[in-house]
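Subject: Structure handover and notes

Dear colleague,

Please find the structure below, passed on to you together with my notes. I would be grateful if you could read the notes with the coordinates open beside them.

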Amino acid sequence: MTRGWRKRLLCAAAAVGMLFPTAHGEGITLDARLDAYEAFAADGSVQLHTEFLTGADSAVHAAEAVRLQLNAMTEAQKANPADVDQASAFAEEAIAAVARKRVEGPEIHISRESTAELLQSAALTGTEVEAALRTGGVSVHRDLSRTVVFVTDRSEFAIVVHSDILETLADRIRVERTGTPPFAVTIRPGDLKKELQPPGLEPTPRTVRIVVREKGDAFEPGTDVPVPAVEVEVPEGQISAPVTLSLYPGSAEPSSLLIEGRNGEDSASRYNPATRTLDARVDATDVYTFGRGSVKFPDLVGKNGKLCAAVEALSRVNVVYGYADSTFRPDSSVTRAEFVAFVMRALGRVNNSLKAPFEDVTQSSACYHEIASAYDYGIINGYDALHFRGDLPISKTQIYAIVGRILTREMKYHPPADPAGYLAGEYQDLVAAWAQADVALATREGLVIRQEDGRFNGGISMNRGDVALIIYGLYQRLA
């Protein structure tokens, strides 16, 4: 998470982003970029029919719900990577609809024992759902998440995560609070490994306790529609990786809403059409509720519509930012530190307690926390052992290498089996061998801004408009 507009403007004013040394290539003309933006295929059009999941209480019923959803999709949608991803999210919710149970009491224990039966149900349902996707003509290139659900009607409860959950195949554990107002908290056990199994120590039973409570009345901004205000209390005020807080918007049009903390913490939040919730990644103790964001940049007037939509959506939830003069400057180049800031905010993985290991990145440096978090998360290296050099430009190859890594780590995507062969059929030039798997993955998933000459041209520098569009496409995939 990041704190307030002052930090964002300092980060932007430094205009700082590259991950590995690179040669610089020729740039792309603005007109060519605008044409490429229009062809950018990271957005989708499929409508998810969550009503098909009503009453899905068995693997057979879950698979039937998926078949009905696929029948409502066109062949073009089944071939569009963004729409396929949404169909995959629907399939994951079909699994969660079966792998669930109601619990009583103020503590909900997440352990190998408490999840064993649910995980068995999720595995069986997952097999049926995956078969339904295949027979329905949808090729899914990632592992479907097996989410198990605990249901409670309490307005305050404690989620106690036991270290032996790391020994299971649990992908996500969701605790749903029913009643009015409903909300949910989702935990990915592997994200809490630092707390549950600290490095260098003998494995011993450990727990992480997260307290969740409803905190009075709140209203959707600008309306009298009641919405939840939910406190999430984590050990020592912050955990190493975020959990997902899901709130149900009262509005039929949630696109202008975000989830924000009352203590000034910004949250990376997005609308999830598979659950019809606004989902925020939160890692700090705070009371969270709906806010409304509206950021307009005068220098985007007349620019490509997809570019404007991406910048405005990401700036509203504080993933990208403008400058102190209220401009976005889409044609300005992107540097190593600036790109890292954008992508770590999109992931919701900015941990303010981490320390950067580089001599040229001090606590007074722009984007300090984002750089420290990216290094800790393992998606960047230093320019050398002691330096980050955040003011150097970042190349197209380096950007898509990181995009591919994030798709693999966050969403369990698989690159094409023969990356070099796949890329040879996509581009007229060669992609650096070290990045081929990641670039092939990003290409297949429709996240690459194409050039008119058919080349990948990995050595060129990208601008802020390019990066906003790329991160927006990635952001739509994150769950």
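The structure is a predicted model, in which local features need pLDDT of at least 70 and side-chain atom pairs count only at pLDDT 80 or more, while totals for chains, interfaces and linings use all residues. Residues are numbered from 1 along each chain as its sequence is written, and side-chain values use heavy atoms, with hydrogens and water left out.

Overall form

The protein chain holds 14 helices and 13 strands, where helices (H or I, at least four residues) and strands (E, at least two) are DSSP runs numbered from the N terminus. Its radius of gyration is 22 Å, which agrees with the value near 23 Å that a compact globule of 479 residues would have; the radius is taken over C-alpha atoms, and the globule rule is 2.2 Å times the number of residues to the power 0.38. Taken along the principal axes, the C-alpha atoms fill a box of roughly 60 × 55 × 50 Å.

Of the 479 residues in the protein chain, 58% are buried, and the classes used here are buried (under 20% relative accessible area), exposed (over 50%) and partly exposed (in between), with a 1.4 Å probe and protein chains only. The protein chain exposes about 19500 Å², of which carbon and sulfur atoms supply 51%; these areas come from the Shrake-Rupley method with a 1.4 Å probe, and for residues only the protein chains shown count as cover.

As for charge, the mean positions of the 49 positive and 63 negative charges are 2 Å apart. Lys and Arg count as positive and Asp and Glu as negative, whereas His and the chain ends are not counted, and the place of a charge is taken as NZ of Lys, CZ of Arg, CG of Asp or CD of Glu.

Helix H9 and the residues around it

Helix H9 (residues 336-347) has twelve residues and reaches 17 Å from its first C-alpha to its last, close to the 16 Å expected at 1.5 Å a residue, the expected span being 1.5 Å times one less than the number of residues. H9 is mostly covered, since twelve of its twelve residues are buried; among them are the charged-type residues Arg336, Glu338 and Arg345. The helix is followed by Gly348, whose phi is positive, near 65 degrees.

Arg464, in helix H14 (residues 464-475), counts as buried because its relative accessible area is 0%. Not counting residues up to four places away in sequence, Arg464 is in contact (heavy atoms within 4.5 Å) with a list of residues including Tyr321, Tyr323, Phe328, Glu338 and Phe342. Ser373, in helix H10 (residues 368-377), is also buried, with a relative accessible area of 3%, and its contacts, again leaving aside neighbours within four places in sequence, are Met344, Arg349, Val350, Asn351 and Leu354.

Helix H13

Ala440 lies in helix H13 (residues 436-444) and is buried at 0% relative accessibility. Its C-alpha atom is separated by 6.4 Å from that of Pro415, 25 residues apart along the chain, and, leaving aside neighbours within four places in sequence, Ala440 is in contact with Pro416, Pro419, Tyr422 and Leu423.

Loops and backbone angles

Most residues other than glycine have a negative phi, and most peptide bonds are trans. The peptide bond from Thr180 to Pro181, however, is cis, with omega near -5 degrees, and Pro181 sits in the loop between strand S5 (172-177) and strand S6 (183-187).

Arg389, in the loop between H10 and helix H11 (396-411), has a positive phi near 55 degrees and is partly exposed, with a relative accessible area of 34%. Lys412, in the loop between H11 and helix H12 (419-424), has a positive phi of about 60 degrees although it is not a glycine, and at 37% relative accessibility Lys412 counts as partly exposed.

Ala385 is found in the loop between H10 and H11 and counts as exposed, at 70% relative accessibility. Leaving aside neighbours within four places in sequence, Ala385 is in contact with Pro357 and Phe358, while its C-alpha atom is 43 Å from that of Leu119, 266 residues apart in sequence.

With kind regards
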